[in-house]
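Biologist: I am new to this structure and would like to learn how to read its features one at a time. Could you take me through them slowly?

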Amino acid sequence: MAAPLQPPPDPQFVLRGVQSAVNALHFCRESQAQGSSLLFSGSQSGLVHIWNLQTRRAVTILDGHGGQSVTWLQSLPQGSQLLSQGRDLQLCLWDLAEGRNAIVDSVHLESVGFCKSSILADGQPCWMLAVPGKDTDEVQILEMPSKTSVCTLKPEADAKPGMPMCLRLWQANCSSRPLLLAGYEDGSVALWDISERKVCSQVSCHEEPVMGLDFDSQKARGVSGSAGKALAVWSLDGQPSLQVCSTHELTNPGIAEVTIRPDHKLLATAGWDHRIRVFHWKTMKPLAVLGFHSASVHCVAFAANGLLAAGSKDQRISVWSLYRPRDSATPFLGESEVGGRHFTAA
Amino acid sequence: MAVFDTPEEAFGVLRPVCVQLTKTQTVENVEHLQTQLQAVSDSALQELQQYILFPLRFTLKTPGPKRERLIQSVVECLTFVLSSTCVKEQELLLELFSELSTCLYSPKSQKPAVVSEELKLAVIRSLSTLMHSAYGDIILTFYEPAILPRLGFAVSLLLGLAEQEKSKQIKMAALQCLQVLLLQCECQDHPRSLDELEQQELGDLFASFLPGISTALSRVITGDFKQGHSIVVSSLKIFSKTVGLVMADEQLRRISKVQAKPAVEHRIAELMVHREEVWVKNTSDKLGILIKKIIESVSVHPHWKVRLELVDLVENLLLKCSQSLVESAGPLLKALVGLVNDESPEVQAQCSKVLRHFADQKVVVGNRAFADILSESLHSLATSLPRLMNSQDDQGKFSTLSLLLGYLKLLGPKINFVLNSAAHLQRFSRALIQVLELDVADVKIVEERCWNSSELSATPEAPAARPWNQVQRRYFRFFTDERVFLLLRQVCQLLGYYGNLYLLVDHFMELYHESMVYRKQAAMILNELVIGAAGLEMEDLHEKHTGTNLEELREIVTSILEEYTSQENWYLVTCIEAEEEEELTVKQSGLQAIASAAHTCQVTSFPAFSKSSPTICSMNSNIWQICIQLEGIGQFAYALGKDFDLLLMSALYPVLEKAGDQTLLISQVATSTMVNICHACGYNSLQQLINQNSDYLVNGISLNLRHLALHPHTPKVLEVMLRNSDASLLPLVADVVQDVLASLDQFYDKRSASFVSVLHALLAALAQWFPDTSCIGQLQEQRLKEENHMHQTPATLEASTTAEDIEQFVLKYLKEKDVAEGNISDFDSEEEAPSVPPEADKNDTRPDVEEPLPVQIQIAKDVMERCVHLLSDKNLKIRLKVLDVLGLCVVVLQSHKNQLLPLAHRAWPSLVQRLTNDDPLAVLRAFKVLQTLGGTCGDFLRSRFCKDVLPKLAGSLATQAPISARAGPVYSHTLAFKLQLAVLWGLGPLCESLDLGEGDLNKVADACLIYLSTKQPVKLQEAARSVFLHLMKVDPDFTWLLLNQLYCPLQFTPPHPRLHPVRLQGAPTQQNPYAANVFYLLQKLGCPSQVDAAASPPCQPEARPSHPADAGAAALRRR
């Protein structure tokens, strides 16, 4: 808890001009970007901004959700395609190749909740999409791009976990069975076997609704954040069954999103207390509390090269360069290394 | 001319003369013969050549002593004959040659004969003519081994003459003759050039003479400068050609190992030279010595033609004998390279031509030996460079650097061989760094300040031819010649162009880090390296060389830029000021920098963190450091062109920050850097540059605001940006403004000054970006009125009152009286005169309480809230600024009364404090705010004004009046006077806008009446009149009565005798000090005047003329 002599780290840069709260962030995969990295941001006002991280300016603005908040963004591994989920109950598929920016397809959603969707895609033309379903506690699995419904995952009648709050599709390397991790309103996390349409395992890790979860399939460990003060780390054993490994008490309640860095080294959380917290993913040791935003942080995202972006209600997106992975090239100008400074939450 | 065309005729004429000459050999006879010869045609003469020559040769051959005069005339005659005819027989040629040669030789003393100069000249000319007259290939038969002795004899004779004679004429003639003899004549009489074989033979032949010719000529060449340049020029020419012929690589290559048996007798064969390897080696060694001597002497020869000839010599030798004379290549190249920057343009041009030719032919690069020699020279030059730079004077430095430049140019990409050696690079850089040391003792640099820091006045002009080469004039410790600096820059640019940029940048970066002493020079060199690497208009001798590619260059520039703008290199202490003292304490790194800089000025370094003030030297040094870095950024922009756009995100903010620096030099350089960036990146103006990159700036500003202690100048940048942007910036700035306000709240006590000025800039910008159309007109109208001093009011008031008007008025008055007394009868509400048009209320009707406020309104609201607190700041300066900001807030908020009024309510108590209980300056400003406020929310203020402010104002006016009445002319410069004036000018419009009631008007009038006295200063009178003019508009009757009570110019005679005569207090006495002003005002009020028109107001003539101008200005502003 020693007071750092050096000034607290600054974001590497800040993206301005969204003019509305930032709800979703997503880094474009390197292969898709022609020459420069891109960052997508979805705003409360329904716009998707595409930022060029080299010039730090918005390249294009996509308007496809009729002014309704954009809650989730995801790019597809193949082609320059972007999925955006909006509160206008549309999930749009954008074609961004060669400067185009047109909606090529859209899925109508039936849930008005805040649940973000999830995809399972590995470069093949067919991919799987999990979206919140029609009934409040349902999750619907679609096969894309045909939009055929695979199944609907509905908890057993007596379970009553409430609405799904966050979804995560994944597939173990060894098996071909797609699995779904879902965080529910009652604070539990459930593992669904999609092919059998049943819950394999369920663990109750929060007292408040689960707001976000991320899963590290290498270590078979996941983390979830809730509206409460706790951050829960759970693991999956071979059965497969979920077990809570540890919980971490935070100073202030409310985690909007949790994200594990692609290299499985760091974990970042978006706090309602305006702060971004960074943990060592393996040990869960708190590494840094990044204070910059003046309103609650809604989303955090990691780029493949380690860059961290956070979007906040204060309409700004802060981009941080922390503990850069050693092997990553540094395509950004004016790099200032923040790594090495440890200081914990006050 | 010729009289005798046929040989027969000529023979007839010449025969007796020839016979006569043969018989008696006298000068007269010879001359006679010559005169006769002139009448003979050339063809006839050719026929009779042998015949005519006979007596002449006979005369020469006759044994026994002869008179010189005779010989001379014979030789001259001979010359005449030979010049008109040609020699067709080898025998004759040989004989004549020998006979002429012997004329100059005395066999007894084995030395050139002691004869008169005229004779020598005649013989030399004759020899020259003889060689020219040889017909066709006859001349070649002359150059055969058998002739060698005779030829050698002549050559040595001529050399002796050229060397030892005193007469310049003879020397020249001898040299020219030698030229002819060696077949180097440049005249047109030699129709064909020699083929290879012939050349080879000539080479063999002349090889025997080479030692003699070269040593003799080198003595001539290195002789006294005074002997005349033409002699040296021809000697150089002969030397060059002879050496070039004998030592030609091409010939030597073909020489066989074994000497062919010459077909001549043994004695002659001994004289012949076989040009085999050993001989070549020996000869070239000896020639090397001579060449070195020649170069040493000639390269500093005062006459340019000589130096030009040297260039030709170098070219000739290097082209022809690069292998045989490989030892001399170094000196030869050095000579050439040294002449590249010769003061004579001809030499320069020739030199560069030759160099380019060499480069084209790959003489240097293609030739390993040459390249080695050059590298070696460069090595040795690099080694001695530090010493030379230390010891030489400007001229010496100039020539050394020219030489260096030439080497670099010639070597091109191969300079890396030298640079790759760490020791040599070290020496190189040490020399450059040493010689580039700046003189930083100039005090003016620190002293000069620029005060209007945030105005970016410079406009980009048309870029000059090589804009990146324009730098601020600087002064160096070790040289004063500007040319030396130019050379140094060229050297650095060439290094950047050809050298390994990574290596060089790395090296100089290290030096930059190493010590504060090197930092400025290293930065200068780095700048030039980048320019060179970009290859901007670089004249390249090596066509295929491609410079550093753009991607790499950008990376390098990025890293240099990062270094330049890093905290410890960019924020250096450049001034000591009371204001900045608090900042100094937090600038730890800056102080450290100073500490390390201090020893440049032989000041013992003081510990960091100490508060001892930095010396002028170190501050100067810092200023230069920043300037050089700034210039560097501009040059980088040129080097990268459009690509620099990407670097703007990190570069623009620091540059803009420096543009607002207080030191004039820094600010100027920063501004010109911005102009350079504009040019390089294609922006039309600084405004455009700032405006289009405001997002980058905002980023820097917001991040720096977080660490305000480290970046105390951040608010200034924001200020500059606000001034140079438009409304499109607002969405970007909104959150920064919130940051600023948050920081202000946090650093309430320490940094409010800089924040308040930001707020001022912000509000000024907002007021400008969002002019409230409905209110701005009103405001301006109000201002117009103020400035107009009520000049349109008389027009409305002067309209003559008719009887009906009076009737109407009385009726209305009665009716109102009735109402007032409670006797309400039915009356038309329409008739009720609206007291004041409720214009101000119109804006109040917006029902937009629920909608989010526009950003600018929200900002203004937030700012005004802070102002309320800051109004009572301890610091007067801040209070004044805050008052200004407050005024602007009111202007911006005037369209949003719902926001403005509560804030005005909250601000009122402190504003009253400012008005009543503060420094006069603050009172002045506060009064201005009050006026603005009155203009926008009059009703709201009325009662407060009357209760809180008016009594105090009136009181102070009253107490000040006697003082100003008594005061002398100096009084008009006092603050009290200004305050009086401002209050008086302001009261009128205020009364009007607040729509004061009768009682309060009375107070105002009472307080101002005193100022109508002519005892008051003229300006105060004028201001007081304006108060009454405003009062007239509010309540004309009351004003009339009041004025008349003071001074009544008219006697009011009742219209009917039954009415009481009206007695007003103001008696029309001449002593009344109020007479003039009151009279003027009454006139304006439209009272009929009976008094003589002479009673015009005392100051009217001087006050009047300004009014139309003011009105015009106001009208312009409205437009």
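Biologist: How many salt bridges does a search of the whole structure find over all chains?

Modeller: A salt bridge is a side-chain nitrogen of Lys or Arg within 4 Å of a carboxyl oxygen of Asp or Glu, and the search finds 35 of them over all chains. This is a predicted model, in which local features need pLDDT of at least 70 and side-chain atom pairs count only at pLDDT 80 or more, while totals for chains, interfaces and linings use all residues. Residues are numbered from 1 along each chain as its sequence is written, chains are lettered from A and ligands numbered from 1 in the order in which they are written, and side-chain values use heavy atoms, with hydrogens and water left out.

Biologist: Which residue forms a salt bridge with A:Asp193?

Modeller: The partner is A:Arg177, with the closest N and O atoms 2.0 Å apart. The pair links distant parts of the chain, 16 residues apart, since A:Asp193 belongs to strand β16 (residues 188-193) of chain A and A:Arg177 to the loop between β14 (164-171) and β15 (178-184). Helices (H or I, at least four residues) and strands (E, at least two) are DSSP runs, numbered from the N terminus.

Biologist: Is A:Asp193 buried or exposed?

Modeller: Buried means under 20% relative accessible area, exposed over 50%, and partly exposed in between, with a 1.4 Å probe and protein chains only. A:Asp193 is buried because its relative accessible area is 1%, whereas A:Arg177, at 37%, counts as partly exposed.

Biologist: Where in chain B do B:Arg554 and B:Asp643 lie?

Modeller: The side chains of these two residues meet in a salt bridge of 3.3 Å, N to O. B:Arg554 is in helix α28 (residues 550-564) of chain B, and B:Asp643, 89 residues apart from it, is in the loop between α32 (616-640) and α33 (648-659). B:Arg554 counts as buried because its relative accessibility is 12%, while B:Asp643, with 24%, is partly exposed.

Biologist: Which residues are linked in a network of salt bridges?

Modeller: A:Arg16, A:Asp314, A:Arg316, B:Asp735 and B:Asp739 are linked in this way.

Biologist: How many helices does chain B have, and what share of its residues count as buried?

Modeller: Chain B has 55 helices, together with two strands, and of its 1119 residues 54% count as buried.

Biologist: What does B:Ala173 touch, if residues up to four places away in sequence are not counted?

Modeller: Contact means heavy atoms within 4.5 Å, and on that basis B:Ala173 touches B:Leu121 and B:Ile124. B:Ala173 itself lies in helix α10 (residues 168-181) of chain B and counts as buried because its relative accessibility is 11%.
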